[in-house]
Amino acid sequence: MSSAIVHFLAGYGTVLIIITLLYRFEYIDLIPQRNILGFIGGIWGLGPDIHHMIENEWISESIYTVHNNRISDIFFLHYTLDLPQVEAYYHEFIALSILYVGFCITITYYFGVLNREKRIKNRSS
Ligand SMILES: [Zn+2]
């Protein structure tokens, strides 16, 4: 099992990259909402671990079954990040996820936020 912060940051960073790509290819401008959507992505990445918090045994076991199935990779690679091979590098993956989210924030800022401000300035002048 990976640290919760790894799951959260995997979701947060990936949503930022998706928002930046959607903006760059002019599908939809979600740059102003990037932080709240990134947060929702982080919570989504933690989704299968909710079985730790549910007291109802039947619901908890049902979620745990999904947690231990490859299908939980739709929660930003939750299954893969919980594999024993990843757990063997527990601290390294925490550091890597922090670097990953820093990279994603930089990409979103440079190609999303700054670019958006330039576009708005060009339109008004
Ligand atoms: Zn898990």
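**The first helix and its two partners**

Tutor: In this predicted model, helices α1 and α2 pack with their axes 7 Å apart, at an angle of about 135°. An angle of that value makes α1 oblique to α2. The crossing in which α1 passes α2 is right-handed. On the α1 side, the residues that meet α2 are A4, H7, F8, L9, A10, G11, Y12, T14, V15, L16 and I19. Their counterparts in α2 are R34, L37, G38, F39, G41, G42, W44, G45 and L46. By type, the residues of this contact comprise 12 nonpolar, seven polar and one charged.

Let us turn to the second partner. Helix α6 covers residues 90–124, and its axis lies 9 Å from that of α1, at an angle of about 20°. Because angles under 35 degrees count as roughly parallel, α1 and α6 are roughly parallel to each other. Here α1 passes α6 in a left-handed crossing. The residues of α1 in this contact include I5, V6, L9, G13, L16, I17, T20 and R24. In α6 they meet residues including F93, I94, S97, V101, C104, I105, T108 and G112. This contact is made up of 18 nonpolar residues, five polar and one charged.

The helix itself may now be described. Helix α1 runs over residues 4–24, which is 21 residues. From its first C-alpha to its last it reaches 30 Å, close to the 30 Å expected at 1.5 Å a residue. After α1 comes E26, whose phi is positive, near 55°.

Finally, a word on confidence. The protein has a mean pLDDT of 94, and 99% of its residues reach 70 or more. Where pLDDT is low, predicted coordinates should not be read in detail.

Key. Residues are numbered from 1 along each chain as its sequence is written. This is a predicted model: local features need pLDDT of at least 70, side-chain atom pairs count only at pLDDT 80 or more; totals for chains, interfaces and linings use all residues. Helices (H or I, at least four residues) and strands (E, at least two) are DSSP runs, numbered from the N terminus. The expected span of a helix is 1.5 Å times one less than its number of residues. pLDDT is the predictor's confidence in each residue, from 0 to 100. Axes are lines fitted to C-alpha atoms, for helices over the stretch in contact, and angles run from 0 to 180 degrees between N-to-C directions. Angles under 35 degrees count as roughly parallel, over 145 as roughly antiparallel, 65 to 115 as roughly perpendicular and the rest as oblique. A crossing is left-handed if the near helix is turned anticlockwise from the far one by less than a right angle, and right-handed if clockwise. Two residues are in contact if their C-beta atoms, placed from the backbone, lie within 7 Å. Ala, Val, Leu, Ile, Met, Phe, Trp, Tyr, Cys and Pro count as nonpolar, Asp, Glu, Lys and Arg as charged, and the others, Gly among them, as polar.
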